[in-house]
Amino acid sequence: MITFSLNTRISCSKYSSPSSPPGGRQSKYSGQAVRALPIRILTVGRKRSQGVQLLVDEYKDKLKLYCNFEDILIRSNPKNTSNVKAQIEGEDALVMQHIKSGDWVVLLDEHGLDIGSEQMADMVGDAGNSGSSTLSFCIGGPYGHGRQVRERANVTIKLSSMVLNHQIALVVLLEQLYRAWTILKGQKYHH
């Protein structure tokens, strides 16, 4: 088993080559006890549509069966500027206010590692075994993440090869986190 310090950055090969063991897809932690870290999702954006909020609430309820969950919406463009660099820096500062020193930080970015559901489950298990206090996921604003958040991240992943609106990215992330927990617990949601 591999453990990580808080400052560990994940190598590209750690989660990037999805492979299934004979007899089905599963996590390296399937059937083992995994420490359930509280999950915090930090999303930079504007007010959510009602449909997206309904889906977010549904997955929040599902995830609460496995771990504590916190959903934080950070206002996009807090300085109300037309300067893109200033917008990114303002958003970056607000995101960093919510990241604690003991967090295991996952940055969502279109250039991140391409992982499958089993690797997401492995990542949740790895974070639980890392000694961290919270598993924090960061979804950036329209222009992406700032320097501070990028440097603080333990791992950077992508949910798709396509660029996703922050609301869609949030729904996909929540579903994949729920799927990861069902994989870890050996439940029948994932085939």
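**View 1. The classes lining the largest pocket.** Here Ala, Val, Leu, Ile, Met, Phe, Trp, Tyr, Cys and Pro count as nonpolar, Asp, Glu, Lys and Arg as charged, and the others, Gly among them, as polar. Sorted that way, the lining of the largest pocket in this predicted model has 10 nonpolar, 10 polar and 5 charged residues.

**View 2. Inside the largest pocket.** The volume here comes to about 470 Å³. There are 25 lining residues, and Leu108, Gly140, Gly141, Val163 and Leu164 sit closest to the pocket's centre. Strand E1 (39-45), strand E3 (103-114) and helix H6 (166-184) are the elements giving two or more residues to this lining. E3 puts in the largest share, with 4 residues.

**View 3. Where helix H4 crosses H6.** The axes of H4 (residues 117-128) and H6 come within 8 Å and cross at roughly 75°, so H4 lies roughly perpendicular to H6. On the H4 side, the residues in contact are Ser117, Glu118, Met120, Ala121, Val124 and Gly125. Their partners in H6 include Leu173, Leu177, Trp181 and Leu184. Counting both helices, the contact has 9 nonpolar, 3 polar and 2 charged residues.

View 4. The structure holds 1 cavity of 30 Å³ or more, and the largest cavity has a volume of about 80 Å³. Of its 14 lining residues, Val44, Val95, Gly140, Gly144 and His145 are nearest the centre. E1, helix H3 (84-98) and strand E4 (134-139) each supply at least two lining residues, with the largest share, 4 residues, coming from H3. By class, this lining splits into 7 nonpolar, 5 polar and 2 charged residues.

Definitions and conventions. Residues are numbered from 1 along each chain as its sequence is written. This is a predicted model: local features need pLDDT of at least 70, side-chain atom pairs count only at pLDDT 80 or more; totals for chains, interfaces and linings use all residues. Side-chain values use heavy atoms; hydrogens and water are left out. On a 1 Å grid over the protein atoms alone, a cavity is a set of points where a 1.4 Å probe fits but cannot get out, and a pocket is an open set with protein on both sides within 12 Å along at least five of seven lines; lining residues have an atom within 4 Å of a point. Grid points are joined across faces, edges and corners, and a volume is the space filled by probe spheres set on the points. Axes are lines fitted to C-alpha atoms, for helices over the stretch in contact, and angles run from 0 to 180 degrees between N-to-C directions. Angles under 35 degrees count as roughly parallel, over 145 as roughly antiparallel, 65 to 115 as roughly perpendicular and the rest as oblique. Contact means heavy atoms within 4.5 Å.
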